[in-house]
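Reader: I have just opened this entry and would like a friendly tour. Could you take me through it step by step?

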Amino acid sequence: MSDQVQRRPLPHDFHPRVAELTMSSTDVSDGGTLPDAQVYAKGNSSPQIGWSAGPEGTGSYAVTCYDPDAPTGSGFWHWTVFDIPADVTELPAGAGTGGFEGLPAGAVQVRNDYGGRGFGGAAPPEGDGPHRYVFTVYAVDRAKLGPDADATPALVGFHLRFHSLARGQLTAHYEEQGTTGS
């Protein structure tokens with residue numbers, strides 16, 4: 001994308017303001033380049049993500065990964081997991097992939113835009129410019145958000161809009177440079 005292309009908004013740009021959660025990751029740095037481990041064709045593994053405890057009244061957490069720059073008109077959901085118990089403040093690397101080891105009991109993952117449950121890594125079109133991969137953690141005001149595992153990420157986002165007490169995010173970038181032939 002050129003500097004003249006307006007950046008697409010993030011889903012929570014349209015949500016009410018809420019308290020801020022502090023996020024951290026041993027795998028993804030805010031503002032940095034998404035590591036190969038989180039790229040679909042190179043590792044396709046969910047990163048380690050940690051967060052500060054939510055405010056009083058937090059009943060659970062949700063974690064999403066979204067690419068607002070995907071050339072779809074609606075972005076691309078790479079990961080949506082919710083009903084993470086309130087006493088959990090970290091997902092280890094790989095919790096959203098493979099056998100889902102490290103995903104807490106009771107957590108629910110819905111289909112990503114690849115069509116599978118769990119994390120699907122970055123795979124922007126070659127030469128499409130840098131894409132943003134926005135990892136967001138939400139503190140939710142109830143233990144069970146409401147949707148089930150057959151919900152879409154959009155429906156989960158609808159519920160998060162009304163039940164988030166706090167939110168934090170990390171944004172990394174990734175680009176498939178492409179090759180120029182001669």
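Author: Gladly! One term comes first: buried means under 20% relative accessible area, exposed means over 50%, and partly exposed lies in between. Please keep in mind that this is a predicted model.

Reader: Is R142 buried, exposed or partly exposed?

Author: R142 sits in the loop between β8 (131-140) and α1 (153-163). Its relative accessibility is 35%. Buried would need a value under 20% and exposed one over 50%, so R142 counts as partly exposed.

Reader: Which residues does R142 touch, not counting residues up to four places away in sequence?

Author: Let us start with distance along the chain: R142 and R132 are ten residues apart in sequence, while their C-alpha atoms are 29 Å apart in space. Leaving out residues up to four places away in sequence, the contacts of R142 are G59, S60 and H163.

Reader: And T64, is that buried or exposed?

Author: T64 belongs to strand β4, residues 60-67. Beyond four places in sequence, T64 touches W77, W79, T80, V134, F135, T136 and Y138. Its relative accessible area is 4%, and the limit for the term is under 20%, so T64 is buried.

Reader: How many bridges join β8 to β9?

Author: Strand β9 covers residues 164-174, and eight of its eleven residues are buried. With β1 (residues 19-20), β9 pairs in the parallel sense over two bridges, and there A19 has A166 as its bridge partner. β8 and β9 run antiparallel, with Y133 standing opposite A172. The number of bridges joining β8 to β9 is ten.

How values were computed
Residues numbered from 1 in each chain as written. Predicted model: local features only at pLDDT ≥ 70, side-chain atom pairs only at ≥ 80, totals over all residues. Heavy atoms only, no water. Helix = DSSP H or I, 4+ residues; strand = E, 2+ residues; numbered from the N terminus. Buried < 20%, exposed > 50% of the residue type's maximum accessible area, 1.4 Å probe, protein only. Contact = heavy atoms within 4.5 Å. Pairing = 2+ DSSP bridges.
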